[in-house]
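Q: Could we go through this structure together, starting with the aromatic side chains and then moving elsewhere?
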Amino acid sequence: MLKFLMLNMVLMSFVMNWSLIQVGLLVMCFMTLLMTGHDFYFFCLGYMMGVDYLSYILIGLSVWIVMLMVYSSSGVKKAGNFPTGFLLVNLVLLVVLVLTFSSVNYLMFYISFESSLIPMLVLILGWGYQPERIQAGVYMLFYTLFASLPLLVSLLSLYSSAGSLNMNLLVSSTGSLSVNILWYFCTVFAFMVKLPLFLFHLWLPKAHVEAPVSGSMILAGVLLKLGGYGLIRVLSVFSEINKMFSWVWMSLGVLGGVIISLMCLRQVDMKSLIAYSSVAHMGLVLGGLVSMSSWGLNGALVVMIGHGLCSSGLFCLANMAYERLGSRSLMISKGLLSFMPSMGLWWFVLVVGNMAAPPTLNLMGEISLIISVVSWSKLIMFGVGTLSFFSASYTLYMYSLSQHGLFASSFYSCCSGKVGEYFILMLHSIPLNMLFMKSVLVLSNL
């Protein structure tokens, strides 16, 4: 199955026909989702590649988001802004993500994990909006590289100590390893920056604001999930020492999420607000991951999938408003409900998803995360409650400020929405609101 996907991507990259690639990615999504109900534990595909349930769900999310990226970037084709190069970069990014999620060897995982930085950088620098995109690209490059070089040294040390970098072998032989504190922090730090953890998140809002809509979608939808996926794979090796430092990550995640939520309430740029909200959500995900409980790991995976769909859809909506108004400022983009009434429903559906209200996937994941975090310590209940309250506050602030009020008289177009735009938003919203009915797919297989 995986080899078929890879071969299909390579063949499509030679043809580079926009419509053919759109249809091809849709077929790939269908082929990927056909196998989702399978109760496999681990498929070994050879060449240091293998897929278990966790990998397969994230591969499905990657293919889905890349398909929606191509559908939502029809402006690149219309403007003739190097559409062939744009498609090639997106397909290369998809290949790298599939390789990352299907790596069984830690070194191969590291190489493909870092390789995802290059296509993302090309997307920001090549198709970004403003001259500040160069600064945003440099921020992202240096934050990621600075954090990932200690991870490489740590993996090489792991190989010299254990004699293998195979994920299954290392998990079973962790009892014989003498792991020190520096080794643990060097390994975990790269994934904390990618997640991103509060205090190491400054690259993310800059990258989101300067990236094109497709760059923001893949960044929020899949690339942030690389940090969570890497932590799930690595923390099993350092399980003993992780218990000593779980209080550091738990407090940084929850307290950082509260501070970021307060920062969201003073944002005036739509994309910046959605980007900061990603950091707040990932703080709770980090708390669930370091608790190393079944509730925490399951909840973290569900929130990562739900947040990927929801945040990607919100970036699409922000771009649709930007195309009509020429600005992303909440001070200018008021009263959208007056001249885009049909789009107001999709705003509401995705905003409700962002605040983890029923019946979205985010609610199911956050319930699991809150159970795992509160069972770790009763005191943290106050921080989690504050985080949930402000999460609803800044989301409602964005919705009410953008949809209500007197709209500006300088908007470019009063088109209430095209069929293609509704199609993209529907493909974000339906999985987000329907997957909770098949929660057994996720919650019983990790």
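This is a predicted model: local features need pLDDT of at least 70, side-chain atom pairs count only at pLDDT 80 or more; totals for chains, interfaces and linings use all residues.

Q: How many aromatic pairs does the structure hold?
A: The structure holds 19 aromatic pairs. In one of them, Phe146 and Phe189, the ring centres lie 6.2 Å apart and the planes meet at 85°, so this pair is edge-to-face.

Q: And where in the chain do Phe146 and Phe189 sit?
A: Phe146 belongs to helix 8 (residues 133-162) and Phe189 to helix 10 (residues 181-194), so the pair links distant parts of the chain, 43 residues apart.

Q: Which is each of them, Phe146 and Phe189, buried or exposed?
A: Phe146 is exposed, at a relative accessible area of 61%, whereas Phe189 is buried because its value of 19% falls under the 20% cut-off.

Q: What about Trp183 and Phe238?
A: Their ring centres are 6.3 Å apart with planes at 70°, so they too form an edge-to-face pair. Trp183 counts as buried at 13% relative accessibility, and Phe238 counts as buried at 2%. Both residues belong to one aromatic cluster, together with Tyr184, Phe185, Phe245 and Trp249.

Q: Switching to charges, which ring does Lys206 sit over?
A: The charged end of Lys206 sits over the ring of Tyr139, 5.0 Å from its centre, while Lys194 lies over the face of Phe113, at 5.6 Å from the ring centre.

Notes: Residues are numbered from 1 along each chain as its sequence is written. Side-chain values use heavy atoms; hydrogens and water are left out. Rings of Phe, Tyr and Trp (its six-membered ring) pair if their centres lie within 6.5 Å; planes under 30 degrees apart count as stacked, over 60 as edge-to-face and the rest as tilted. Helices (H or I, at least four residues) and strands (E, at least two) are DSSP runs, numbered from the N terminus. Buried means under 20% relative accessible area, exposed over 50%, partly exposed in between (1.4 Å probe, protein chains only). A charge sits over a ring if NZ of Lys or CZ of Arg is within 6 Å of the ring centre and within 35 degrees of the ring normal.
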